[in-house]
Amino acid sequence: MVLRRSPYPFWERSRYFNTMSLSVPVDFLVYTEEEFEKLEGRFAQVMQKEVRWL
């Protein structure tokens with residue numbers, strides 16, 4: 001998930017979202033727009049090509 005901004009640090013943000021209704025296990029990552037734009041390297045490539053955004 002990408003938020004415009006957040007007062008919470010990256011490692012805390014996902015706790016405020018309930019993913020229990022999803023039918024499969026997920027790695028729920030919550031970035032701000034600024035953080036997402038700064039992603040680089042292999043992780044950024046995988047995020048753009050292989051991640052399924054719900």
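What follows is a request about one side chain, then a connected reply.

Biologist: Which helix holds glutamate 35, and which residues does glutamate 35 touch beyond those up to four places away in sequence?

Modeller: A caution to begin with: this is a predicted model. Glutamate 35 sits in helix α2, which spans residues 33-37. Leaving aside residues up to four places away in sequence, glutamate 35 touches Phe10, Arg13 and Val30.

Take the arginine. The side chains of arginine 13 and glutamate 35 form a salt bridge, 2.6 Å from N to O. That pair links distant parts of the chain. Arginine 13 belongs to helix α1 (residues 10-13), and the two partners are 22 residues apart.

Arginine 13 has a relative accessible area of 5%, so it counts as buried, the cut-off being under 20%. Glutamate 35 comes out at 26%, so it is partly exposed, between the 20% and 50% limits.

For scale, consider glutamine 45. Glutamate 35 and glutamine 45 are 10 residues apart in sequence, and their C-alpha atoms are 15 Å apart in space.

Next, the wider count. The whole structure holds 2 salt bridges. One of them joins arginine 13 and glutamate 35. Another pairs the side chains of glutamate 34 and lysine 38, at 3.1 Å from N to O. Lysine 38 is exposed, because its relative accessibility of 58% is over the 50% limit.

Key: Residues numbered from 1 in each chain as written. Predicted model: local features only at pLDDT ≥ 70, side-chain atom pairs only at ≥ 80, totals over all residues. Heavy atoms only, no water. Salt bridge = Lys/Arg side-chain N within 4 Å of Asp/Glu carboxyl O. Helix = DSSP H or I, 4+ residues; strand = E, 2+ residues; numbered from the N terminus. Buried < 20%, exposed > 50% of the residue type's maximum accessible area, 1.4 Å probe, protein only. Contact = heavy atoms within 4.5 Å.
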